[in-house]
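Subject: Structure handover

Hello,

Please find the structure below, with the sequence alongside. My notes on it follow.

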Protein chains: 2
Amino acid sequence: MDKNQFLQKSLPWTYLVTDRRICGDRSLFSVVEKALRGGVNVVQYREKEASTRQMIAEAGKIHELCRKYGALFIVNDRIDVALAVKAPGVHLGQEDMSLPMARRILGSDVIIGISASSVEEAQTAEKDGADYVGASAVFATPTKEEAPALGLAGLAQISYALSIPVVAIGGIHRGNAADVMAAGSSGVAVVSAVMAAEDPEEAARLLAKAIGSAEG
Amino acid sequence: MDKNQFLQKSLPWTYLVTDRRICGDRSLFSVVEKALRGGVNVVQYREKEASTRQMIAEAGKIHELCRKYGALFIVNDRIDVALAVKAPGVHLGQEDMSLPMARRILGSDVIIGISASSVEEAQTAEKDGADYVGASAVFATPTKEEAPALGLAGLAQISYALSIPVVAIGGIHRGNAADVMAAGSSGVAVVSAVMAAEDPEEAARLLAKAIGSAEG
Ligand code: NI
């Protein structure tokens, strides 16, 4: 199965972005595994405060968990870590390596996602060969306040302007996930709604159900 | 000229490791260029607190400066940044990507240096295919205090145990550089002795003279 068939077949996405700092006294791996059991089908490893060696060790473990549950594994920012663990995908923000450079290094088989906070950024990403776009932030969040939130209308504009999948991120939880999907997105990415949940498995299950990616 | 011929021909090394934080109100680039003019023949870009995009931009500029002055350019830790700017070399600490993994990703043409603080670490690096070893710390420094300093005797042990070049780092300046070279090292690496000098060009010139790498 080639990359595009795989992408289409795996949609819609219940997409988890990791953040070790909000796992409390639980290990990053136990939270991620519970989330996978609950129905997350994409995991993005995004950790900033660790040595490269530690990142490679952690990314390798999460990649393995993703294989076990048939989920897609993506590394945020760090092409070196992605190459080290042979990750099938990477996700790049506007302050990370440029998409053309990443494509030159990674080749055409690796899935590359790009964060975009406007129709223009999203269209540039598609034109440059992105495989999906992460539209952010859909709703205002306490952690990210660089740009004004897109809102459902802004998300819909991006979704309908692109042919590639658009994953919504920013302030999304199971209570608004159905509205976000109705705005044309191909999936929903969350951090705290699952990582910080008391029961990450149940949180993932309810979220996946709202998104429509639940199997059961 | 193949990698090993190049390495041998460029020795001994007057090796500058960058640190933007000690440049004062001068730009990183102006300090590096002055150092190159003074006789530095290897520059290692080592910056931790920047976005990947900023690192790539800075590393690209310093690579260009190195080309202009015929110096070797090396990227610390970040294989992704090295690949992005096509750096001829990388330097890896014991908390960075492992040497075998880096070699698999970078191929045999890229120079890989490894930090070692014991004969055992240095021999492992040589056996795994390192092109040079950075022996650290030779003298105690206020910034790095993980392991006891090697001293000149410890440096000599590492130098004589290896066939590949050994570059000494840690607490070295023009006053002790000749002793360090006499202990068998193939070069000397400095950070503050040049980066924080009032006149980086003059500091580099005097250091290169003490090391024996000065051309004039
Ligand atoms: Ni070059």
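The largest nonpolar core has 158 residues, and the members that touch the most others are A:Y15, A:F73, A:I79, B:Y15, B:F73 and B:I79. Please keep in mind that this is a predicted model. As for one of those members, B:I79 has contacts with B:V90, B:L92, B:M97, B:A102, B:I105 and B:L106, and also with A:D80 from the other chain, when residues up to four places away in sequence are not counted.

Barrel of chain A

In chain A, eight strands form a closed barrel with parallel pairing, in the order β1-β2-β3-β4-β5-β6-β7-β8. On average, and ignoring direction, neighbouring strands of this sheet are turned by 25° against each other. As a general point, the strands of a sheet pair through backbone hydrogen bonds, in either a parallel or an antiparallel way.

Strand β3(A) is mostly covered, with five of its five residues buried.

Helix α3 (residues 52-69) of chain A lies across β2 and β3, at about 175° to β2(A).

Annotated positions in chain A

UniProt, in an unreviewed entry, places the feature "binding site" at A:Q44, A:Y45, A:R46, A:E47, A:K48, A:N76, A:S115 and A:K144. Two of these can be described further. A:Q44 sits in strand β2 (residues 42-45) of chain A and counts as buried because its relative accessibility is 3%. Residues up to four places away in sequence aside, A:Q44 touches A:Y15, A:L16, A:V17, A:T18, A:I74, A:N76, A:H91 and A:Y132. A:R46 belongs to the loop between β2 and α3 of chain A, and with a relative accessible area of 26% A:R46 is partly exposed.

The UniProt annotation "binding site" (unreviewed entry) also covers A:D77 and A:D96. These span 20 residues in sequence, yet no two of their C-alpha atoms are more than 5.7 Å apart, so they gather at one spot.

What surrounds A:D77, leaving aside its neighbours within four places in sequence? Its contacts are A:K48, A:H91, A:L92, A:D96, B:T52 and B:D80. A:D77 lies in the loop between β3 and α4 (79-85) of chain A and is buried, with a relative accessible area of 7%. The side chains of A:D77 and A:K48 are joined by a polar contact of 3.4 Å.

A:D96 is in the loop between β4 and α5 (99-106) of chain A, and its relative accessibility of 8% makes A:D96 buried. With neighbours within four places in sequence left aside, A:D96 is in contact with A:N76, A:D77, A:H91, B:T52 and B:R53. The side chain of A:D96 also reaches the backbone nitrogen of A:G93, at 2.6 Å.

Barrel of chain B

Chain B also has eight strands that close into a barrel, ordered β1-β2-β3-β4-β5-β6-β7-β8 and paired in parallel. The twist from one strand to the next averages 25°. Strand β4 (residues 89-92) and strand β5 (residues 111-116) of chain B pair in the parallel sense over four bridges, with B:I114 in β5(B) as the bridge partner of B:L92. Helix α10 (residues 200-211) of chain B packs on the sheet, where it touches β1 (13-17) and β8 (187-190), and its direction makes about 140° with that of β1(B). Helix α6 (residues 119-127) of chain B lies across β5 and β6 (132-136), running at about 165° to β5(B).

Regards

Definitions and conventions
Residues numbered from 1 in each chain as written. Chains lettered and ligands numbered in written order. Predicted model: local features only at pLDDT ≥ 70, side-chain atom pairs only at ≥ 80, totals over all residues. Heavy atoms only, no water. Pairing = 2+ DSSP bridges. Helix = DSSP H or I, 4+ residues; strand = E, 2+ residues; numbered from the N terminus. Axes fitted to C-alpha atoms, helices over the stretch in contact; angles between N-to-C directions. Contact = heavy atoms within 4.5 Å. Buried < 20%, exposed > 50% of the residue type's maximum accessible area, 1.4 Å probe, protein only. UniProt positions renumbered as here; feature names shortened; annotations may be inferred. Polar contact = N/O pair within 3.5 Å; in protein donor to acceptor, adjacent residues only side chain to side chain. Core = buried A, V, L, I, M, F, W, Y, C linked by side-chain atoms within 4.5 Å.
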